[in-house]
Amino acid sequence: MSDIRVKICGLKTPQDVAAAAAAGAAYAGFVFFAKSPRHVTIAEAAALAIDAPVGLCKVALTVNATDAELDAITDAVPLDMLQLHGKEAPQRVAEVRARYGLPVMKAVGIADASDLPQIAEYEQVADQLLIDAKPPRDAVLPGGNGLAFDWRLLAGRKYWQKPWMLAGGLTPDNVAEAVRMTGTRQVDVSSGVESAPGQKDAALIDVFTKAAIAARG
């Protein structure tokens, strides 16, 4: 059986969560970032998380969130992991991890080889890493832009000790190639399984997840 794990991010409805679980995804991501078309309120996320199938890892994606914002989210939403997707410094990642007692995944944006050293810095303080495409300078969203980076930058790199997840521009058509090229055992998708921004497509979720799980890195 494949050990590849899939995260479907930006879930907004009970149908989205059900589709992710039915397809065999391991993680369900809820976006707490008002500028995103995938944004959910705390009340909406709480309802989704409470009804999520047992075994589905519930992840809160936040962007440069304050303690007060994280307090409100974690007090109301039954979560399994926090995803920091902003410009949080390593010290901030360590603070969040210590304060909330939840595993923390830190997103690291990659555009070229000069961005790779920061991965080692964040590896010291995060439980998992999300290796994503660095957003354009003028981008409104820190992720979910449907952009990929050159996966060859990660080919053959086996020295990261923490679990890591590949994100950025993944689709049902290219996820198998991405797994084979990078050797990743975890993948994250958001816009790649949508029929329109913020609108998940159950059929695309199913095809993507099956393609990823069937791939061999």
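Student: Which elements do the buried residues of α1 pack against?

Tutor: This is a predicted model, in which local features need pLDDT of at least 70, side-chain atom pairs count only at pLDDT 80 or more, and totals for chains, interfaces and linings use all residues. Residues are numbered from 1 along each chain as its sequence is written, and side-chain values use heavy atoms, with hydrogens and water left out. Helices (H or I, at least four residues) and strands (E, at least two) are DSSP runs, numbered from the N terminus. With contact meaning heavy atoms within 4.5 Å, the partners are β1 (5-9), β2 (27-32), α2 (42-51), β10 (199-200) and α7 (202-214).

Student: Why do the buried residues of α1 line one face of the helix?

Tutor: Buried means under 20% relative accessible area, exposed over 50%, and partly exposed in between (1.4 Å probe, protein chains only). In α1 (residues 14-23), D16, V17, A19, A20 and A23 are buried. They line one face because, seen down the axis of α1, they fall within an arc of 160°, taken from the directions from the helix axis to the C-beta atoms.

Student: Which residues on the other side of α1 are exposed?

Tutor: The other side of this helix has its own list. The exposed residues there are P14, Q15 and A22.

Student: How many of the residues of β3 are buried?

Tutor: Both faces of β3 are covered. C57, V59 and L61 are buried on one side, and K58, A60 and T62 on the other. For strand β3 (residues 57-62), the count is 6 of 6.
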